[in-house]
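Please look at the sequence and the model shown below before reading on. The report that accompanies them is about where parts of the structure meet.

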Amino acid sequence: MKDKRWRMVVALLVPVIGLAACQSSSASPGNGSTTGNGSTTIRIGLSASFSGATAFYGQQAKAGAEVAVGELNAKGGKYKYQLVTADDQCTPDGGSSAFGNLLDVQRVDVILGSPCSAATLGGMTLLPAAKAPALTVSSTSPAITQQAGIGGNKYMWRMNINDDVMATVFSKYIAAQGIKKIAIIAVNSDFGQGAVAAYKKTFAADAVTITTTQFYTQGGGDFRTQLTNIGASGAQAMLIIGAYQDAAVMMRQFKELGLGIRVYARGDVVSTGFQQAAGSPGLGNGIQEADNWDPSYQAYPGFAKAYWQKFHGDPQSYAVQAWLGMQVIAQAVAAGGGGLAGIERGLATVSWSSPIGPVKFDAHHQAHHDMFIMTFDHGMIKMVKRIHTAG
Amino acid sequence: MGFFLDQVVNGVILGSQYALIAAGLALIFGVAGIVNFAHGELFMVAAYALYLGESALGLPYAAAAVFTVIVMVPVGGLFYGVVIRPVAGAGWQKQLVATLAASIVMVNLAIVLAGSLPKTVSSPLAARVAVVGGVHFSLQRVLILGCTLLSFAALHMFLMRAKWGKGMRALAQNRSACAAVGIPVHRMGLLAVVIGSALAGVAGALIPVLSNITPTMGLLLTIKGFAAVIMGGFGNVTGAIVSGFALGLVEAMAMAYVSSAYADAFVFGALIVTLLLRPQGLFGHAVRVS
Amino acid sequence: MAALSRAGATPATGWLLAGAAAVAVPWVAGNPFYLQTATVAMIYVVLAVAYDLVVGRIGALSLCQPVFFAWGSYAAALLATRGGNPGFWLEAVVAVAGAVALAIAIGVPSFRLSLHSFAIGTLGFLLIAQLVAVNWISVTGGPLCVVGVPALAVPLGGQRLTVLSDTQNYYTILAIAVLTVAAIGLLIRSRTGAALTATRDDPVLAAARGIWPLRMRLTAFSVSAAFSGLAGVFAAHFQHVVCASQVDIPINTLLLVMVFIGGRASLRGVITGAVLFTVLPQVLRVADAWRLVIFGVLLLVMVTTVPDGIEHVYAGVPGLVRRLLTRMRRSVHHGAKDG
């Protein structure tokens with residue numbers, strides 16, 4: 001009797017493992033050689049979260065990268081691009097495992113990732129031994145820049161401007177609008193905590209008092225208590241640091257509680273994603289947000305159209321940044337040649353006038369592209385200001 | 001005073017969620033003797049059922065809500081058949097792990113099928129806001145509280161008056177004696193799971209209107225539901241309901257007056273303190289454990 | 001021939017083969033990634049064997065095991081980055097002492113409870129620990145993690161050996177794993193182990209025989225915590241970063257999968273489960289999104305159908321070997337007869 005059940009279990013496992021083995025054997029090693037001479041296929045390894053609650057980071061990033069691969073290959077030329085992925089589960093051990101898989105098993109020429117800072121931090125420790133470059137386009141933790149570039153990990157590069165830079169600018173912008181007392185509501189993650197630390201410093205420098213700082217868990221669903229606290233704290237304005245899914249729910253409860261203060265944001269709140277999640281148009285009217293990408297797609301209308309045609313949806317921040325990152329890599333390949341060493345060389349010399357501003361890496365391997373201040377006006381996304389952060 | 005009242009209202013609203021989940025958990029444990037780690041996932045399934053009712057079937061909110069509760073009945077039956085019944089006689093460790101495994105499957109299946117991006121549902125009452133004594137709240141919350149209390153009243157009447165309800169109370173007191181007098185133990189277990197699933201259906205039909213629907217929405221709810229069940233005395237439905245509301249108030253007060261980040265720590269801390277001082281829970285009977 | 005079959009069927013042969021395979025891994029591994037995966041597998045061998053002490057031997061379903069593991073990791077990381085990097089021995093002492101203290105603090109109130117309440121009570125402790133790890137930013141860095149943890153430094157006879165390469169890391173954790181398995185194996189075969197089994201199977205009777213259940217359970221719980229903390233020390237140096245994600249439910253779920261599918265209270269089963277479920281996710285990389293669904297279904301099917309798990313397979317090996325050798329002997333005889 002027991003043996004029959006065992007056969008059932010084995011019958012379940014064998015096809016699964018067989019399928020997996022077949023798939024992994026079909027992933028042949030790329031011919032991007034480490035000497036970087038005349039190799040034609042560039043294999044890009046995307047490390048992101050494809051499972052669990054953070055699965056949409058990876059799904060978005062992969063979608064954006066795929067559009068870029070299609071465009072780059074259509075242009076023709078010396079190099080052909082190929083995208084492979086590895087799930088890093090948004091944790092440091094996951095990042096370490098994903099980076100290791102991409103480098104040693106799938107033999108990629110460069111790693112794109114991770115959108116999660118924890119995974120990037122865990123994976124970047126593998127880069128020096130493999131002499132392999134990695135470019136993150138969405139990780140927000142300041143620790144990455146601190147550990148990268150000069151005096152640190154020479155193989156880690158970051159494209160997206162981080163909150164230390166953006167807070168300095170946005171803080172002044174908010175103070176200039178006459179705000180003296182502001183409350184912060186932030187997601188309790190590396191992104192939220194990092195941003196709060198940055199804004200605490202800059203608000204103090206601009207003589208803006210933080211009346212209260214409230215944290216929430218991602219996907220929490222009920223923000224009434226935090227919002228009531230904020231309402232009672234006497235703030236003139238509220239700064240949301242979080243993603244649009246939570247912000248949409250938050251704004252509904254904000255309206256329900258009858259709070260009338262001004263709302264600022266730092267995340268991807270002013271976006272088409274928010275509009276879909278909000279249900280009612282105009283829920284976000286008046287919100288002003290500091291972004292490191294352009295949610296109105298004016299800067300890259302061709303990409304937005306191509307993305308819509310392929311995936312029947314609007315690209316959100318992770319997709320846009322992955323698309324941009326792929327092009328940075330293409331620039332590096334054009335400058336330094338293919339292969340691990342070529343791309344590492346090329347990244348150091350990239351000076352690209354991208355749709356979101358100049359992309360050129362400083363001594364700490366950090367780029368300084370433009371910052372966007374966006375708002376919802378009568379239910380439409382409008383750009384208020386575009387600010388240069390370089391030099 | 002206004003601020004305090006605001007937070008009391010918040011606490012009661014949070015508490016009604018916990019109470020609905022805890023009531024189902026307590027019933028299932030009392031009658032079937034099983035700790036259902038996947039109960040929050042039943043709530044999640046109900047929420048997606050509501051979404052499907054509104055979007056795929058195009059039903060207006062009221063019809064979609066009724067559809068949700070009705071759909072959760074066969075879902076509960078299926079859950080009992082696949083997860084609970086096979087481990088009915090096995091040790092408690094296996095039962096716990098079985099429901100835990102079911103929880104993992106349900107959450108990740110939802111992620112694969114529905115995607116991890118949240119879905120929204122709307123109700124005509126959600127946008128209508130009432131102001132009472134300086135406190136603002138959406139009429140949907142009144143609906144939630146009303147339906148919650150109605151459900152509990154119905155449950156109470158069922159357990160006290162109906163033949164099957166009395167049988168369930170008997171089972172909770174002494175399983176072997178019930179089997180000896182011919183009470184159909186397995187059928188009672190099925191009924192308990194179905195009722196618990198229907199209660200989760202009530203929660204799923206009403207609450208997601210105010211926030212949104214994600215695959216992981218049930219995880220934290222299960223744990224807090226358990227906290228309420230334990231505080232109320234394992235298997236004691238009334239105790240679970242009261243504790244559910246109490247925990248909601250504790251959480252709201254902690255968030256308001258102490259720290260929003262550590263609010264959950266207070267909830268679990270309250271659970272642990274209760275267990276230290278009164279291991280049988282606030283309403284349970286003392287049981288000697290060596 | 002008969003002697004050979006007897007030798008082939010004993011558990012000792014199995015252990016020797018496993019040990020030889022474990023030692024040979026760095027030569028056999030084709031690339032650094034496989035070696036790193038094997039290293040992670042060894043970490044989970046330590047964790048799973050320690051966890052089985054609680055689940056399999058005490059019979060208590062604890063859901064707070066990641067707390068001890070994370071304590072060890074944070075202690076090592078903080079000592080190495082902010083405490084002057086004193087080296088492995090001091091870190092180990094702090095990790096083990098702290099883990100034991102935590103185990104007693106959690107165990108004393110929790111073991112008084114009924115079995116179900118124990119599970120949920122320990123879960124409550126896990127969630128509180130998680131909240132502390134995420135929010136006590138000044139110490140743990142919260143979501144920003146403790147970064148830049150250097151390689152493990154082992155002071156030995158006046159010198160400081162640094163565990164730098166993948167191979168060195170692997171042998172270090174292999175040593176820790178062997179120590180863990182040996183220690184717990186000896187514990188189980190000792191009088192304490194018998195007392196543990198007695199406590200698990202019939203606490204009232206055990207108490208009547210003078211074995212105090214609480215003391216036994218706390219002992220096993222503390223030993224389990226100690227080894228988990230030790231694994232944490234290694235993990236911090238191996239990964240170079242410690243995040244609050246280490247104090248989370250999925251790690252405990254993975255341990256549950258390893259222990260239940262490996263076979264509770266079976267050393268060889270749990271070790272196999274640990275290795276299998278570290279390697280399997282790598283094999284299943286093709287279906288990332290479905291990976292956890294497959295895990296859950298596997299666990300559910302295993303729990304409802306095959307009670308002993310992989311141990312069931314091992315238990316059947318001696319019989320299998322015997323039958324095989326008997327058949328071989330018979331065919332040899334027949335061959336000789338037919339000539």
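## Basis of the model

This is a predicted model, in which local features need pLDDT of at least 70 and side-chain atom pairs count only at pLDDT 80 or more, while totals for chains, interfaces and linings use all residues. Residues are numbered from 1 along each chain as its sequence is written, chains are lettered from A and ligands numbered from 1 in the order in which they are written, and side-chain values use heavy atoms, with hydrogens and water left out.

## Where chain A meets chain B

Chain A brings 25 residues to the contact and chain B brings 30 residues, where contact means heavy atoms within 4.5 Å. The size of an interface is often given as the accessible area lost when the parts come together. Between chain A and chain B the buried area (accessible area, with a 1.4 Å probe, that two parts lose on being put together, summed over both) is about 2200 Å², and carbon and sulfur atoms give 50% of it. On the side of chain A, the residues that lose the most area to chain B are A:Arg224, A:Thr225 and A:Glu256, which together make up 26% of what that side buries.

A:Glu256 also takes part in a salt bridge with B:Arg141, with the closest N and O atoms 2.6 Å apart; a salt bridge is a side-chain nitrogen of Lys or Arg within 4 Å of a carboxyl oxygen of Asp or Glu. The count between the two chains is one salt bridge. The side of chain A that touches chain B divides into nine nonpolar, 12 polar and four charged residues, where Ala, Val, Leu, Ile, Met, Phe, Trp, Tyr, Cys and Pro count as nonpolar, Asp, Glu, Lys and Arg as charged, and the others, Gly among them, as polar.

## Two domains within chain A

The domain assignment, whose bounds come from an automatic or database source, divides chain A into domain 1 (2-161 + 299-370) and domain 2 (163-291). Their contact takes 10 residues from domain 1 and 13 residues from domain 2.

The two domains of chain A bury about 990 Å² between them, with 47% of it on carbon and sulfur atoms. Of the area that domain 1 buries against domain 2, A:Thr140, A:Ile161 and A:Gln316 supply 49%, more than any other three residues. Across this interface the rule finds zero salt bridges. The side of domain 1 that touches domain 2 is made up of five nonpolar, four polar and one charged residue.
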